[in-house]
Amino acid sequence: MHLQPYESVNGVPLTATRGDIIRAHGQPRSESRNSVGLTSLDYGDVVYRFQDSGRLEEVTARAEALHLGTVAVPFRDLAAFVQSSDSRAFDRAGFLVSPRYGIAFVPGEPCWVTALARHCVEEWKSIGRCQSR
């Protein structure tokens, strides 16, 4: 996964609309609504999640390695990398969340990483303190 935190994932801007994604990738394998009210477009190796307003919230992609500019971090080392380089990182619902890098992932379940829109970090922080995210 090539990430510019809060800006783009694999070259797709986090400002992309549902229509932009479908024009770029075609129809998804499946479309569903998750438990937090986001619509997911599933393309197999990448899932785009949108609010009802059409705003892109999250992009989850297979990531054998996370590429951040000139740095490449293998997934197996990602938790240690985040914990050593992001003092604001926190655990929520089994995910390690990094505000610095705008990602959430389950360290024990390779190799999926979720890139977050900036406003989503606060929503992740609230998990466990309220019923909805």
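This is a conversation about how the features of one predicted model get their names.

Colleague: What are the ground rules for this model?

Modeller: It is a predicted model, where local features need pLDDT of at least 70 and side-chain atom pairs count only at pLDDT 80 or more, while totals for chains, interfaces and linings use all residues. Residues are numbered from 1 along each chain as its sequence is written, and side-chain values use heavy atoms, with hydrogens and water left out.

Colleague: Why is the pair Arg 18 and Glu 31 called a salt bridge?

Modeller: The term needs a side-chain nitrogen of Lys or Arg within 4 Å of a carboxyl oxygen of Asp or Glu. Here the closest N and O atoms are 2.5 Å apart. That is within 4 Å, so the pair counts as a salt bridge. Side chains of opposite charge can pair when their charged atoms come close.

Colleague: What does the bridge between Arg 18 and Glu 31 tie together?

Modeller: Arg 18 lies in helix α1 (residues 18-25), and Glu 31 lies in strand β4 (residues 30-33). The pair therefore links parts 13 residues apart in sequence. Helices (H or I, at least four residues) and strands (E, at least two) are DSSP runs, numbered from the N terminus.

Colleague: How many salt bridges are there in the whole structure?

Modeller: A search finds six. One of them joins Arg 23 to Asp 20, with the closest N and O atoms 2.8 Å apart. Arg 23 and Asp 20 both sit in helix α1, three residues apart, about one turn of the helix. Another joins Glu 57 and Arg 55 at 3.3 Å, N to O.

Colleague: What makes Glu 57 buried or exposed?

Modeller: Relative accessible area decides (buried under 20%, exposed over 50%, partly exposed in between, with a 1.4 Å probe and protein chains only). Glu 57 has 2%. That is under 20%, so Glu 57 is buried.

Colleague: Which label does Arg 23 get, and why?

Modeller: Arg 23 has 63%, which is over 50%, so Arg 23 is exposed.

Colleague: What makes a set of residues a nonpolar core?

Modeller: The members are buried Ala, Val, Leu, Ile, Met, Phe, Trp, Tyr and Cys residues, joined through side-chain atoms within 4.5 Å. The largest such core has 31 residues. Those with the most contacts inside it include Ile 21, Tyr 48 and Phe 105. Helix α2 (75-85) is among the elements that give two or more residues to this core. α2 gives the most, with four residues. Apart from this core lies another, of nine residues, among them Val 97 and Leu 116.

Colleague: How do you know what Phe 105 touches?

Modeller: Contact means heavy atoms within 4.5 Å. Not counting residues up to four places away in sequence, Phe 105 touches several residues, including Phe 75, Leu 78, Trp 112 and Val 113.

Colleague: Where is Ala 115, and why is it called buried?

Modeller: Ala 115 is in strand β13. Its relative accessibility is 1%, which is under 20%, so Ala 115 is buried. Among the residues Ala 115 touches are Leu 3, Glu 57 and Ile 103.

Colleague: How do you know that strands β7 and β13 pair?

Modeller: Two strands pair if DSSP finds at least two bridges between them. β7 and β13 have five bridges, so they pair, in the antiparallel sense. In one of these strands, β13, Thr 114 is the bridge partner of Thr 60.

Colleague: Why do β4 and β10 stand at the edges of the sheet?

Modeller: Eight strands form an open sheet in the order β4-β5-β6-β7-β13-β12-β11-β10, with antiparallel pairing. β4 and β10 (90-92) each have a single partner strand, so one side of each is left without a neighbour in the sheet. The twist averages 20 degrees from one strand to the next. Such angles run from 0 to 180 degrees between N-to-C directions, and axes are lines fitted to C-alpha atoms, for helices over the stretch in contact.

Colleague: How many disulfides are there?

Modeller: A disulfide is a pair of cysteine sulfur atoms within 2.5 Å. By this rule the count is zero. Cys 120 is buried, at 0%. Cys 111 is buried too, at 13%.
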